[in-house]
Amino acid sequence: MIYARRGVLGAAAIAAALAIVAWVSPAPDRVTDRDVYEATAARMIVPDCTDLHCFRVLVPWVLGRLPGSSDLRWKAYAVVCNTAAAIGVAALCPLFGLGRRGSALSAVLSAFGFGSLYTLHDAYTSDPLMFALGPVITLALLTDRVAAATIAGTIGVLAKEFAAAPLYLVAGWHALGRRFVPALRALAGGNLAFIVWVAFTLTLMLKFNYAWGGTDSANIATGAGIGPWLQRQSLRGVAAAMFNEFGALYVLAPVGLWIGSRELRRLALVAVPIAAVFAYVQQPDRALWNFHFLVVPLAALVLERVPPALAWATAGLFAVGNLRVGAQLPIGEISRIAIVLSVALALVGAAMALRRPAADRPALTPTGALA
Amino acid sequence: MHIGKGLVVALIAEAVAIAALAVVALDIVAHRRVERLGGVNVWGYRGPVMRQLQANEIRVALAGGDLAFGWGVAASETMAYGVRQLVALRIDQPGRPLQPVTAVNIGAAGVPISDYARWIDRFAYLRPRIICLVVDPIGRRNTARWQLPDRRSLVFAAFGYSPILPLVLEEKGAIANGRLIASAGRLAAALDHAAQPAAATNGGGSADELTAAVRAARAAASGVVVVTPPLTGPNAAADIALHTAVEARFAGDPRVQFVALGDDPSMYDVDTTLDGFHFGAGGHAAAAALVAPAVLSLLGS
């Protein structure tokens, strides 16, 4: 009861903090996908719509029916979904062998990561819903609620195609563990979501003359999203964008992979080719945050094994750093210092975690579905 | 390990559904590749699928059979687009309200005069303001194995969607000497054609049939330009008689105009056609120059 109350209070605190960040985050100073989403919200179907985002109808269809200004609705949606993502990751953590502190740290790292905070800056995107659906669908599958996961994935693909990915992820993970019946059940769920996505896409194309337009993602043979993205930027720009994606988590997650259970490593291994596909067809610096529900718990496995003060200091500095690179708050110098310190503390934490005796590491077969 | 019967059935059904969707997706991709070249779009007319009609937009459609369709040239080189360009140059003048001019070629290879009316009705939803009806010569026979759009297709008959993957696969197979690809194309065509009869070829063409076509065009658009062909067909006398008869029937209708390509000597230049019948790009441009004044006249009135 106490823990449940703490959980609710924690979620409320995260939501409140995200709402404040969304409120103070400046408006994007470039052309975004806002016009496409607002047109879909207002008209439901926009004949001859020529943009990849025209096909991502679920969020604008729902938000378009709600009262309030456009900015308010979309920012509120980003806050709610990113809070749900944090709760989902926290709920997933016990299955990965994490305790209460690890779960709480995961929730904070997820809520204040780059991907999450960036959607508070530019809320006109389906990404926040995907950030929430990733852990929620995975949790449902790992606790043998395949039907619920399938329904969520099948509806979710109307917002963005990524919603089918967790179903294939868990199918692959089961298959790798030679659990073929659950693997096939998850595969059937993923296939259903995929079929709905393809059928819906083709329907919009044929009935309403929708097209992907000049989007790079559709040009699979010529580099898709990643090719032009690499061409447009300097090597330094690419490195900076990729570093900002996970920051200190780049230090912590590999160590978490090392000290985590075999099943968790398998899950991460299966996620690699799926993440590679999304990184290829989209901008990798944006696409990879979809897998925050795996990367963040891996990092939290490390932070859970170091003194609480060090763990929370690392998480706090990570969050402050992302206020600049994600939410675009004008705190350049503070952000840089926070990022450097968070990486330094992550290195210290990683070293401390690795020096702990093997017997103290999380069990190879933790509780829940991963057991 | 026990896999339930329901799970097996679901996976098989999903595999079938994914395969079917993959075929449709590939067909759409094939259309995108060829619709600007010699092929047709998913709805069976040349060029990309038309966007919704905009306010103030002037849309000119070109209907008819082989001459209108324009075998051997890209969609943008056919008469429809030449007319569009010439009309746009006159319409788009400084100080006048913006009136976008668009063109669509709904001509169908091998369609006989008796089918013109039905074909115009089929594409009336494109809401052209002017329809240019380009008449093929009487006795013109198109014996090509593939006639675009493929009227033998069951899918086309049922849904109006014009499959092109079988043709593309056949041609790819022929070019690359890939028997497997060509066989896949032939198999797909055979499945889609089923027991349909062979495609009709252009036959006679009575005054009543052409009159019906003009009436259909008149119902679908506010103006019609009937374009009669150069007199190079097997029965030029019958062509003249047909056109004269139909022109007489619409003599009192100012919204129907007639342009006789056969009256212009330039249409008989050797360079005008690719093979003695089908216009080359220059032939389409020359014909468009003769048709455009009639279109402008209808727009002006």
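Residues are numbered from 1 along each chain as its sequence is written, while chains are lettered from A and ligands numbered from 1 in the order in which they are written. Because the model is predicted, local features need pLDDT of at least 70 and side-chain atom pairs count only at pLDDT 80 or more, whereas totals for chains, interfaces and linings use all residues.

**View 1. Chain A as a whole is built from 18 helices and zero strands.** Helices (H or I, at least four residues) and strands (E, at least two) are DSSP runs, numbered from the N terminus. The radius of gyration of chain A, taken over C-alpha atoms, is 20 Å, close to the 21 Å of the globule rule (2.2 Å times the number of residues to the power 0.38), so this chain of 371 residues is as compact as a globular protein of that length. Along the principal axes, its C-alpha atoms fill a box of roughly 60 × 55 × 45 Å. Of the residues of chain A, 53% count as buried, where buried means that 20 or more other C-beta atoms lie within 10 Å of a residue's own, exposed that 12 or fewer do, and partly exposed anything in between, with C-beta atoms placed from the backbone.

**View 2. Helix α2 (residues 34-43) of chain A has a buried side and an exposed face.** Val36(A), Tyr37(A), Thr40(A) and Ala41(A) are buried in this helix. They cover an arc of only 130° around the axis (judged from the directions from the helix axis to the C-beta atoms), which puts them on the same side of α2(A). The cover over these buried residues includes α3 (58-63) of chain A, while the face turned away carries the exposed residues Asp35(A), Ala42(A) and Arg43(A). Just after α2(A), Met44(A) takes a positive phi of about 65°.

**View 3. Strand β2 (residues 101-105) of chain B is largely enclosed by the rest of the structure, because five of its five residues are buried.** Val101(B), Ala103(B) and Asn105(B) point one way from β2(B), and Thr102(B) and Val104(B) point the other way. Strand β1 (residues 58-64) of chain B runs parallel to β2(B) and is joined to it by five bridges, pairing being assigned if DSSP finds at least two bridges between two strands. Within β2(B), Thr102(B) is the bridge partner of Arg59(B).

**View 4. Chains A and B meet in a contact that takes 16 residues from chain B and 16 residues from chain A.** Two residues are in contact if their C-beta atoms, placed from the backbone, lie within 7 Å.
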